[in-house]
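This report describes the overall architecture of a protein model and then turns to selected elements and side-chain pairs.

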Amino acid sequence: MQPFFRQTIEEVMSALKVTDQGLSSKEAAIRREKYGANELLETAKKSAVQVFFEQFKDLLVLILLAAAAISAFLGKFESTLVIIAVVLLNGILGTLQHVKAEQSLLSLKKLSSPTAKVLRDGKMSQIPSSELVPGDILYLEAGDYVSADARILEAHSLQVNESSLTGESVSVLKIAEPCPQGVDVALADMKNMVFSGSFVTYGRAVAVVTHTGMNTEIGKVAQLLDTAKDKRTPLQVSLDEFGKKLAIIVLAICALVFGLTLYRGVELITAFLFAVSLAVAAIPEALSSIVTIVLALGTQKMAQKNAIVRKLYAVEGLGSVTVICSDKTGTLTQNKMTVEKVYVDRTVLDSTALDPGKTLEKKLVLMALLCNDAVTAEQKEMGDPTEIALVNLGELYGLDELEARKKHPRVGEIPFDSERKLMSTVNRINGKTFLLTKGAVDMLLPKANRLETSAGVGPLTDEYLAEIKRVNNDFSANGLRVLAFGYKEVSEEYICLEEETGLTFLGLIAMMDPPRPESAPAVANSIQAGILPVMITGDHPVTAAAIARQIGILTDEHTIMKGSELEKLSDEELRERVAETTVFARVSPEHKIRIVKAWQQRGAVVAMTGDGVNDAPALKQADIGIAMGITGTEVAKDAASIILTDDNFSTIVEAISTGRSIYANIKNAVKFLLSGNMAGILSVLYASLFGLPVPFAPVHLLFINLITDSLPAIAIGLEPHNKNLMREKPRNVNEPILNQTFAAAMFVEGVLIAIGTMTAFHLGLGTGDAFLASTMAFATLSLSRLIHGFNSRSKESIFKIGIFSNLFLWAAVLIGYLLLRTVLTYPPLRHLFEAAPLTTDQHIAIFALSLMPLFVIQLYKLLFVKVKGK
């Protein structure tokens with residue numbers, strides 16, 4: 001059998017055993033069993049065993065293993081067993097976290113996986129691309145990813161970007177005719193085929209699927225675009241770097257302390273114990289896991305609020321956003337277009353007042369249905385919202401779009417594109433061939449030279465032009481979106497852009513896409529948070545201004561700029577003008593990237609929304625690219641770092657608020673862990689410098705770092721959203737988490753906990769029992785760090801944000817205390833953890849000293865900490 005690209009359409013359909021009605025659901029299921037899912041086989045993933053052993057490559061873990069070996073050498077076998085048990089537990093937790101992360105990525109991929117429009121059971125339906133099978137009739141239009149290899153049956157100005165296969169970035173014009181016989185045809189020259197992994201940049205087509213999954217061209221070269229796996233976030237990289245530096249510092253200090261203790265004449269064994277204790281005290285074993293867990297929980301929370309995070313760095317970046325460049329239609333507005341007004345026969349009518357008995361009014365509605373790709377069937381609407389509104393107008397007067405298109409078939413077309421803002425179709429009407437054009441008023445009127453009224457067709461005079469423009473301005477001033485309609489008779493079915501001239505103007509149809517009720521509050525919240533909302537739209541400036549004023553984007557302090565003005569500005573001039581402009585109207589997607597760059601050159605962190613193929617460069621250029629989940633093309637979604645499942649501007653503001661909250665919680669959790677570790681380090685150093693016995697056994701510090709610290713740290717990461725965060729200015733994107741202010745607070749909090757710990761240690765030493773002193777120091781440090789979780793919840797005092805507003809933390813502290821209590825009172829565990837029995841008075845002293853840092857820090861916050869916006 002000849003390859004599909006050499007066969008005629010009839011031969012292809014016969015070979016694939018499919019008719020022009022498409023496959024039945026039953027046949028599709030049979031073929032899916034035969035050919036399998038339309039998916040590429042993923043590269044082999046690491047096994048759980050591999051992941052487990054990789055947990056031990058970390059330098060900090062190696063230091064712990066060295067500490068275990070030294071403890072064994074010194075005869076401290078209990079400590080050795082506990083250290084090894086803790087390291088193994090850490091490895092198991094790390095492995096489980098990796099597996100869970102893989103599952104989360106898989107679920108995110110499913111949430112944002114491509115879909116395909118196919119003909120099944122004689123009806124068009126939308127299915128996951130993984131369900132495509134050979135023989136499916138596939139519908140393609142601009143913005144679609146091609147999800148399988150297919151032979152083109154109909155092509156209407158179809159252009160496809162095949163760079164993922166051929167490396168050629170220029171889009172390829174496709175046709176339906178078979179390739180010539182007897183000539184070698186390279187992949188790039190198969191003009192009648194579309195291939196999986198490519199995407200449609202222009203036009204539309206109907207094709208029949210020939211190969212799926214690993215049988216596609218992209219499958220043959222095993223090229224998998226695994227978009228769900230992202231680079232590590234700046235925060236994770238920063239903490240990794242911190243961990244490496246900390247390990248080096250720890251080794252250096254351990255060596256110094258070891259040398260000092262030997263110099264003072266302390267026994268070798270004691271010196272080793274000091275060094276090992278210090279190493280264990282300094283290493284935040286749970287830090288990396290805690291950050292990963294909080295990030296994972298945060299992204300799940302954002303997904304529940306209609307924002308799917310595709311790239312983890314976006315969670316951090318959201319807190320730094322200073323400008324939101326948002327599309328208008330569907331994002332700030334409801335995207336439920338309804339025809340409100342009609343201008344025909346030089347008369348303005350309400351959409352409900354048309355008379356189908358009048359020739360021109362019926363002609364305009366019929367034209368709106370024919371020059372249109374939208375379909376409404378079985379309470380489902382497929383197509384552009386503007387075109388759906390036109391279809392609904394036809395239904396209002398008993399005109400069905402499918403019947404109209406069957407009676408007056410389309411024989412050619414020039415698809416809509418955002419540059420010329422027009423769409424044209426060629427239809428046979430009553431035995432004649434007509435070019436029907438609709439689009440923006442200011443783009444169509446220059447192409448018209450005649451006007452049809454009830455009196456007949458005549459010249460489009462300056463007087464008529466002025467009247468049409470006045471009506472258009474009146475519509476637009478009221479926030480209506482206006483489409484102009486024109487036509488002309490043509491002699492050929494094949495048309496080109498040059499044919500869109502010499503049109504007869506027929507009328508205007510104006511529709512309203514009202515603002516979403518939540519848009520105005522969301523705009524106000526973003527402004528309060530120090531974020532400037534900017535509207536970017538292809539609509540008329542007057543329409544854009546009406547909506548922008550209504551929701552608070554356009555104020556007396558700001559101006560509006562048209563795309564034609566922007567075109568004339570140099571990059572330097574645009575950079576100066578952009579700060580005073582909050583509405584950009586009549587712009588093309590190419591202008592968006594210039595607007596983003598202009599803001600970035602001013603030092604802004606920009607979030608940009610987009611849905612079209614041409615928006616992809618701007619989405620990639622933006623610091624945070626946000627794609628529309630409902631109206632967005634697969635190309636736009638692939639370029640974005642966040643996908644909105646509801647296409648709603650308020651979701652962007654909510655995502656920024658959640659992003660700020662997640663970052664603040666992570667920062668607080670990190671500070672909680674490191675300030676606790678600082679207390680351990682200072683305690684060991686104090687004992688070493690003043691010639692005191694070793695205050696902790698390594699097993700004590702491991703218990704604290706991994707058991708009593710981990711649960712409160714996770715609970716801090718789950719701290720409820722603090723509304724005051726949206727009253728603060730955006731965070732400086734270049735500011736590291738471990739800055740001077742952070743380090744100073746960490747050190748001071750560590751000192752306070754260390755003072756309480758060493759006071760308990762001295763109380764124990766006062767009895768003459770170093771073993772008891774160590775137990776009291778261990779119990780105080782452990783309980784202090786548990787209670788310190790309340791200090792780490794927020795910059796504010798817990799009395800201002802609500803003592804009981806984070807029940808997770810209360811549960812974590814209670815569990816931690818019960819574990820500590822069990823270790824101190826249950827003899828077998830007490831022996832294992834090298835603890836001495838304590839009296840009631842000693843328990844009371846430990847409680848009092850553990851509460852001291854909480855009292856001091858909360859008092860300071862109540863008296864001196866002022867929150868912005870209050």
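Helices (H or I, at least four residues) and strands (E, at least two) are DSSP runs, numbered from the N terminus. Residue numbers start from 1 along each chain as its sequence is written. The model is predicted, so that local features need pLDDT of at least 70 and side-chain atom pairs count only at pLDDT 80 or more, while totals for chains, interfaces and linings use all residues; side-chain values use heavy atoms, with hydrogens and water left out.

**Overall architecture**

The protein averages a pLDDT of 85, pLDDT being the predictor's confidence in each residue, from 0 to 100. A score of at least 70 is reached by 92% of the residues. Over residues 222-231 pLDDT stays under 50. For that segment the model has 21 contacts beyond four places in sequence, where contact means heavy atoms within 4.5 Å.

The secondary structure comprises 32 helices and 26 strands. Along the principal axes, the C-alpha atoms fill a box of roughly 115 × 70 × 45 Å. Among the contacts with a separation of 6 or more, 72% are accounted for by residues 24 or more positions apart.

Of the 870 residues in the protein, 53% are buried; buried means under 20% relative accessible area, exposed over 50%, and partly exposed in between (1.4 Å probe, protein chains only). The accessible surface comes to about 37900 Å², and 59% of that surface belongs to carbon and sulfur atoms. Accessible areas come from the Shrake-Rupley method with a 1.4 Å probe, and for residues only the protein chains shown count as cover.

The protein has 84 positive and 91 negative charges, whose mean positions are 5 Å apart. In this count Lys and Arg are positive and Asp and Glu negative, with His and the chain ends not counted. Each charge is placed at NZ of Lys, CZ of Arg, CG of Asp or CD of Glu.

Helix H18 spans residues 541-551, and its buried residues are Pro541, Thr543, Ala544, Ala545, Ile547, Ala548 and Ile551. The cover over these residues includes helices H16 (462-477) and H17 (519-528) as well as strands E19 (480-489), E21 (532-536), E22 (559-562) and E23 (581-585).

**Two individual residues**

Leucine 451 belongs to strand E17 (residues 448-453). With a relative accessible area of 6%, leucine 451 is buried. Residues up to four places away in sequence aside, leucine 451 touches Gly456, Val457, Gly458, Pro459, Leu460, Tyr464, Thr504 and Phe505. Serine 320 is 131 residues from leucine 451 along the chain, and their C-alpha atoms are separated by 54 Å.

Tyrosine 817 lies in helix H30 (residues 807-825) and is partly exposed, its relative accessible area being 23%. Not counting residues up to four places away in sequence, tyrosine 817 touches Leu783, Leu786 and Phe847. The C-alpha atoms of tyrosine 817 and glycine 439 are separated by 70 Å, the two residues being 378 residues apart along the chain.

**Salt bridges**

A search of the whole structure finds 24 salt bridges, each defined as a side-chain nitrogen of Lys or Arg within 4 Å of a carboxyl oxygen of Asp or Glu.

| Pair | N to O distance |
|---|---|
| Aspartate 136 and arginine 120 | 2.8 Å |
| Arginine 470 and aspartate 474 | 3.6 Å |
| Glutamate 728 and lysine 795 | 3.7 Å |

The salt bridge between aspartate 136 and arginine 120 links distant parts of the chain, 16 residues apart: aspartate 136 is in the loop between strand E2 (123-128) and strand E3 (137-141), and arginine 120 is in strand E1 (residues 115-120). Aspartate 136 is buried at a relative accessible area of 0%, and arginine 120 counts as buried at 10%.

Arginine 470 and aspartate 474 both lie in helix H16, four residues apart, about one turn of the helix. Arginine 470 is partly exposed at 48% relative accessible area, and aspartate 474 counts as partly exposed at 39%.

The salt bridge between glutamate 728 and lysine 795 also joins distant parts of the chain, 67 residues apart: glutamate 728 is in the loop between helix H26 (710-717) and helix H27 (740-765), and lysine 795 is in the loop between helix H28 (770-791) and helix H29 (798-801). Glutamate 728 is buried, with a relative accessible area of 17%, whereas lysine 795 is exposed, with 56%.
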